[in-house]
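Colleague: I am new to this one, and I would like to learn how to read it. Could you take me through it feature by feature?

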Amino acid sequence: MKIALCGNPNVGKTTLFNRITRSDAPVGNWHGVTVDARSKRVGKDVLLSDLPGAYSLTARTKEETVTRDNILYGGYDVCVYVAEVNNLRRNLYMFVQLLEAGKRVVLVVNMMDEARGKVDLKKLSDRLGVPVVGTSVKSGNPKNEILAAAEIAARRAPVKPEYLSDCKIKAALGKYAQAALSTGLPPEFIALKSMESDDNIAEKICGGCDGSCADCKSHASDDMDYPARQRYAYIGKALAGVLEKPRDIKRANRLDKVLLGKLALPIFLAVMALVFVVTFEAGKPLSSLLSSLTERVAALARDVDTADWVKSLLADGVIAGVGGVLVFLPQVAILYILTALLQDSGYMSRVAFVTDDFFKRFGLSGRAAFSLVLGLGCSATAVLSTRGISGKAARRRTAFAVPFCPCSARLAVFTAISGYFGLSGFVVAAMYLLGCAVALLLLKVMNAVKPDRDDDGLIMEMPPYRIPSAKRVLSVVWRNVWAFLARVGSTVFAVSIIMWVLCNFSFASWYSGGGETSIMNTFASFIAPVFAPLGFGSWRAVAALITGVAAKETVISVIASFGGMGEVFASTAAAVSFTIFTCLYVPCIATLSALAKENGVKSAFASVAVHTVAAYVASFAYYNTAVYWSVDKVAVIVVWASVAAVATIIAVGAALIKRRRRRRIAATV
Amino acid sequence: MTLLDCKAQDGGTVRAIGGDRETHRRLVDMGLLDVAYDVKFKRKRSMLVDFRGEFSAVVTSAVAAQIEVSKR
């Protein structure tokens, strides 16, 4: 039996999926966590698929299209529809459309422990004619109850809401008999969707048309809301006497007054600053402990009585490489704990409202804040999360901006370099600011060259405030820490060994013990001069950067296997310049493939070029300023003042042109 | 009058939903037809509105301008 788990966004579908299938799929107290269908077997006979949240079977975003296509054409035997107990009236709107589409449905009323009044599920089941199951996180695993209800639903004939026999719908049925045959959907459903001018149905009827031809327009009803009014009337009748009048939500209102009031933006900035300070400072003692442990293990490996090359492979290749990255596990784990707490509490969704005005200036929407904060953990996941953003331009721009927000792997590089050179935690914070500033600058330029005239039509539901669940937060942290360890155990381990071989073997002799004759030196020396103006024109630094494209953690493992920072960087200025370059240069392979998937291959290549140029320019500017500052301060000030003057002239010119264009458009109108 | 004309703390009922086909559908699908509303916060480009005391949503100014309301 094939079962689809569907419903509105943020009603707990994935949490239920995890409980039924004993999986660990990502969950969160915000909309759009699930962006693709995910399937898993339950026993031998059942295949359960978790679908992204949607408000109706008329799709508007990419994730809603996935849900609609799966439900209508996925060949599922039963749809398990999840609704939230405090939002039944709205949540049942899509449920009713499943009935219209002739689907066999089980209704799961979730979050029963948060019900703001009594709910009579037995009465609701009788009224709707489908099995109804009540669940909550505090109850036991509802797997057996839901599967039993699905079996009952699979045996029953699909329920037809009574309004489908309305004369207005019946009169239209004849027109859609052919379309019903070809799509396998009931003619009543096609009639209702045609009245609503649904593009997907128009395409099915008209063969490739987007619903704009005269024939399609003739299907649309004069009263486009007729189907919706029928559905809400049906839901109203079904819920009469089922729900007790809900209590007010005073606590949420009080919290909103503080978090969304006049101090909303400063509070958000303070929260993010606190996240970084805690991540950096709280992780230090554990990192030092792991670091000394790595050194001891490496020393033990050097004392083993075996061939020199084996000792070097173990100590300088594997232990230094893998250990060099593992040292930053505490910081990575703390960052994930804090961001998971923010997401699970419901605060992250409020951030979308707080930052909407600000992001609009750069052609993004407030929804971009989710993806950018997710990007602090993993850029690839964050790029995929942009699917939930409505408006093509805003979606593409957010995906473009995400990799500039340093991920947890880059945090390891910043922390290692600033730790070695005794730089303050502000250098790490400055890297995050730099990444965001460069992204915003580029978005501003993009917006000026090609303004986004499409309003993304943001209407985004706010999830309720919840005390973060320890189980959910630990699950998020465990999944991400495990992914980090998996990368260290696979990519970092492999790259460490490959790099050790390339750096310790030469074409002329077998084992050369590193140095200037190594294979890596031969290759990297070709590219190294390009980076000389940035202060790190050594083959070792270039080799570390090249491997960083596979995964950013490998930058540190490679530097460690070369003998540490002192062997790679000639000065503190060169090390900071390298940090800036690492902060901005090409995203890792996983992020690039996510970008190619969401925005296209061309866009991924463009991203590589933009990141490389931005990284080069920023590092060049920093390094040369730092070097010449000690030689001739006046000259440096004059150069920067000139740059600022030219930038101001360009910005003012662009603003004037924009204003004139806007006036001309206003005059035309 | 439209929802955009309301100030923070204003309340009333959604009377009709305009806008292009897609926006209209979206708002109807979200359950905004004929519901009571209360504006909680208003900013330059968006507002936070409580609908029916059941859920809150961020509504951009462009969308708010498409929602016809009658004030309490």
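This is a predicted model: local features need pLDDT of at least 70, side-chain atom pairs count only at pLDDT 80 or more; totals for chains, interfaces and linings use all residues.

Colleague: How many bridges join β7(A) to strand β4 of chain B?

Modeller: Strands (E, at least two residues) and helices (H or I, at least four) are DSSP runs, numbered from the N terminus. Two strands pair if DSSP finds at least two bridges between them. Here 4 bridges join β7(A) to β4(B) (residues 55–60), and the two run antiparallel.

Colleague: How many residues of chain A are in contact with chain B?

Modeller: A contact means that the C-beta atoms of two residues, placed from the backbone, lie within 7 Å. By that rule, 31 residues of chain A are in contact with 29 residues of chain B. On the chain A side, α3, α11, α16 (347–360) and β7 (459–462) each supply at least two residues. The largest share, 5 residues, comes from α16(A).

Colleague: Which strands pair with β1(A)?

Modeller: One is β3(A) (residues 46–50), parallel to β1(A) (residues 2–7) over 4 bridges, with Leu47(A) as the bridge partner of Lys2(A). Another is β4(A) (residues 78–84), also parallel, over 5 bridges; there Cys79(A) faces Ala4(A). As for burial, a residue is buried if 20 or more other C-beta atoms lie within 10 Å of its own, exposed if 12 or fewer, and partly exposed in between. In β1(A), 5 of the 6 residues are buried.

Colleague: Which residues of the largest nonpolar core touch the most other members?

Modeller: In soluble globular proteins, nonpolar side chains tend to be buried together. A nonpolar core is a set of buried Ala, Val, Leu, Ile, Met, Phe, Trp, Tyr and Cys residues joined through C-beta atoms within 7 Å. The largest has 202 residues, and Val80(A), Tyr81(A), Val106(A) and Leu107(A) touch the most other members. This core draws at least three residues from each of domain 1 (1–247) and domain 2 (264–452 + 471–631) of chain A; such bounds come from an automatic or database domain assignment. Beyond its neighbours within four places in sequence, Val106(A) has contacts including Val78(A), Val130(A), Pro131(A) and Ile146(A).

Colleague: What span is expected for helix α11 of chain A?

Modeller: The expected span of a helix is 1.5 Å times one less than its number of residues. Helix α11(A) (residues 226–239) has 14 residues and reaches 20 Å from its first C-alpha to its last, close to the 20 Å expected. Its buried residues include Tyr232(A), Tyr234(A) and Ile235(A). Among the elements covering the buried residues of α11(A) are α3 (88–100) of chain A and α1 (21–29) of chain B. After α11(A) comes Gly241(A), with a positive phi near 80°.

Colleague: How far apart are the C-alpha centres of domain 2 and domain 3 of chain A?

Modeller: Those centres lie 33 Å apart. The contact takes 4 residues from domain 2 of chain A and 4 residues from domain 3 of chain A.

Technical notes
Residues are numbered from 1 along each chain as its sequence is written. Chains are lettered from A and ligands numbered from 1 in the order in which they are written.
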